[in-house]
Amino acid sequence: MLLRDGLVVGAKGHLFIGGCDAVELANEYGTPLYVMDEIYLRGMCKAFISAMKRCAPEGMVFYASKAFLCTAMCKIIRGEGMGLDVVSGGELYTALKAGFPMDRVTFHGNCKTQGEIRMAVEVGVGRVVVDNHSEIPFLQEIAQSLDKRVNVLIRLNPGISVDSHEAVRTGAADSKFGLGIDDGEALIAVKMIAGCANLSLTGVHTHIGSQIFDMAPYKKAVDRLTDFMTLASVVTGAELHELVIGGGFGVRYTREDPPTMDPEEVVMTIARETERQAARKGMRVPRLILEPGRIIVAEAGVMLYTVGSIKEIAGVRTYVGVDGGMADNPRVELYGAKYEALLANRAGEKAAGTYAVAGRSCETDVLGYDFKLPPPKVGDILAVPTAGAYQYAMASNYNRVPVPAVVMAHYGKSGLIVARQRYEDIAQYDRVPSWL
Ligand code: LLP
């Protein structure tokens, strides 16, 4: 089984997460339940920050909040000295309410609404990443009307294809994200921004995809982006000094996956390549910014379900039904994601067979067909590790099922960081027009 630091088999053969007995957590908070291990999560943040301090002292690490965001998470990210990448008014609102310093927020999006742009400028986010030509005049108009200067980065499409699921490849030429370098679209944006009195172009951005295990495409991105920076500096007469290489660093979900990328190696490789390319091109070494999301939170999270049904189809397979599924984790259906699992209340027992774990929604909704488990019984607690990224964040109310709670575990203490939805919460937005 894929266990990691802080995820151990302890007393009574129970699984322990962040020092907390998973069975007790399930009893206390109910299931399905997302559990986050604070020490593991902070450890990942510290690894990125300390590597950045060593390899690129001017550099910054902005957590990609789309992977998992709530108020407590903002507090942790702030405490660890990181910034935040937000991509919607809702993420920005959460950061604002949590008292996150706005100068450490970057606002992204390929189709930001005018309301969101206004909000971002009003609250004074540190950087806005321009994704297309259409948003530039509006951004300028808002900044002028509010008498503000806005730091702007251009999202570049470097035309780099990576080896990951097609839904999470974002840097190839045919992508809805970013402005093309080769077709001249990015340079047009540079000129447009240079003509806007309230916008300052500080640098360039790219994000080539997600769940990447190879450093070569990142090095290529540094090469392509620094080339563009020298060109843009000549065109505008002002030096661009910020280089954002995005996130995408791969995480191990099953034994078949390569090991989770090492933050130290990631930061060092990108920082060294930035220095090397800057020296080659006779430019000042730009400030490096990275935006890790998944790698910060994925392995900190464990999902707990209660086994509610067992159905054996003779000669075919045995389905183990659990009280969650695609509503709390759509990644299997969307990307064919693979997971491993164990029984939290019998974590010391050896696997004795292969089981399909079925979700509870009214669809095929299977978490996987080949989980190796001891024979499961109704009432067992099924734990699915590596559940911290893009699961709570992508949860839905499909079948009007409440979104599960999220609990933080910390040296044997636990506390809610997101309360479980109630049926009333789901129904509260229903309205009945007068003619019904
Ligand atoms: N920066 C930008 C601009 C991004 O769009 C993303 C992710 C990141 C950083 C962080 O990437 P990460 O380090 O988390 O790979 N829902 C999908 C993943 C979508 C990623 C979207 N963008 C999944 O569950 O696999």
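Author: Start with R422, which is partly exposed at a relative accessible area of 47%. The model is a predicted one, and in it R422 forms a salt bridge with E424, with 3.8 Å between the closest N and O atoms. A salt bridge here needs a side-chain nitrogen of Lys or Arg within 4 Å of a carboxyl oxygen of Asp or Glu, so a distance of 3.8 Å passes.

This pair is one of 20 salt bridges in the structure. Another joins K66 and D85, whose closest N and O atoms are 3.7 Å apart. K66 is in the loop between β5 (60–64) and α3 (71–79), while D85 belongs to strand β6 (residues 83–86), so the contact ties together parts 19 residues apart in sequence.

The next pair is R287 and E242, whose side chains meet in a salt bridge at 2.7 Å, N to O. R287 lies in strand β13 (residues 287–290) and E242 in strand β12 (residues 242–244), so this bridge ties together parts that are 45 residues apart in sequence. R287 counts as partly exposed, with 24% relative accessibility. E242, in contrast, is buried, with a relative accessible area of 2%.

Salt bridges can also be linked to one another. E38, R42, K46 and E80 are joined in a network of them.

Methods:
Residues are numbered from 1 along each chain as its sequence is written. This is a predicted model: local features need pLDDT of at least 70, side-chain atom pairs count only at pLDDT 80 or more; totals for chains, interfaces and linings use all residues. Side-chain values use heavy atoms; hydrogens and water are left out. Helices (H or I, at least four residues) and strands (E, at least two) are DSSP runs, numbered from the N terminus. Buried means under 20% relative accessible area, exposed over 50%, partly exposed in between (1.4 Å probe, protein chains only).
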